[in-house]
Amino acid sequence: REQARIVSVGVRAIVARCVAENASVIVDGVHLLPDLLGMDLGGRRVCVAPLTLAVTDRQELAARFAERAKHAPLRPQSRYLAHLKHIARIQEYVVETNQAQGVPLLDTAAAGDLTIRAVMLIGDHLARHPELAEAASKGADGRDSGGKGANGKPANAKAARRRRRAA
């Protein structure tokens with residue numbers, strides 16, 4: 001929990017900057033706990049849609065460490081397997097804490113496209129907060145931004161590519 005508290009300081013700063021620049025961001029990490037993030041954004045209407053990603057099957061979790069070790073040799077499988085019981089306990093704590101806060105759980109080992117499931121959950125979140133759809137079309141200053149950030153440049157590269165393709 002102490003590590004989560006320390007990480008939350010940086011996460012709040014990143015989110016505040018993105019709000020000021022009207023930019024989108026996805027923040028992920030094992031040390032994110034909603035009750036520590038305190039996402040008070042000064043009354044600004046932004047979409048903060050927390051999701052918990054977890055590998056709930058221990059055998060699958062162990063297999064993920066083996067796969068990661070192939071691509072990241074400085075993160076050997078043996079190091080993580082030696083502490084698998086502790087890792088699983090930390091994950092259980094994160095999942096339980098987030099679920100108590102109403103944060104949806106996506107089991108990454110479950111069948112189906114994880115991206116589609118995540119987008120559906122975010123869509124459900126937006127549907128419960130229609131005021132966010134209006135805010136999404138406006139800049140940080142409340143005026144129609146045309147998809148541009150506070151600096152007049154596209155809010156993000158993906159949005160800029162979509163606009164170019166549509167033109």
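Is I14 buried, exposed or partly exposed? I14 is partly exposed, because its relative accessible area is 42%. Buried means under 20%, exposed means over 50%, and partly exposed lies in between, with a 1.4 Å probe and protein chains only.

Some ground rules. This is a predicted model, where local features need pLDDT of at least 70, side-chain atom pairs count only at pLDDT 80 or more, and totals for chains, interfaces and linings use all residues. Residues are numbered from 1 along each chain as its sequence is written, and side-chain values use heavy atoms, with hydrogens and water left out.

Now the overall picture. The chain has eight helices and two strands. Helices (H or I, at least four residues) and strands (E, at least two) are DSSP runs, numbered from the N terminus. Along the sequence the order is α-α-β-α-α-α-β-α-α-α. Of the 167 residues, 23% are buried.

Back to I14. It sits in helix α1, residues 2–20. Past that helix, N22 lies in the loop between α1 and α2. Phi of N22 is near 55°, a positive value in a residue that is not glycine.

Next, a strand. T52 belongs to β1, residues 52–54. T52 counts as buried because its relative accessibility is 4%. Leaving out residues up to four places away in sequence, T52 touches V95, N98, V103, P104, L105 and L106. Touching here is a contact, meaning heavy atoms within 4.5 Å.

On to charges. Side chains of opposite charge can pair when their charged atoms come close. A salt bridge is a side-chain nitrogen of Lys or Arg within 4 Å of a carboxyl oxygen of Asp or Glu. The count here is five. One of them joins R5 and E2, with the closest N and O atoms 2.5 Å apart. Both residues lie in α1, three residues apart.

Helix α3 has examples too. E60 pairs with R64 at 2.9 Å between the closest N and O atoms. They are four residues apart in α3 (residues 58–71), so about one helical turn separates them. K70 and E67 also form a salt bridge, at 3.3 Å, N to O. K70 is exposed, at 62% relative accessible area, while E67 is partly exposed, at 39%. Why does the spacing work? An α-helix has 3.6 residues a turn, so residues three or four places apart point the same way.

Last, a check on α6. Its 15 residues, 114–128, should span 21 Å at 1.5 Å a residue, and the end C-alpha atoms are 21 Å apart, so the two agree. The expected span is 1.5 Å times one less than the number of residues.
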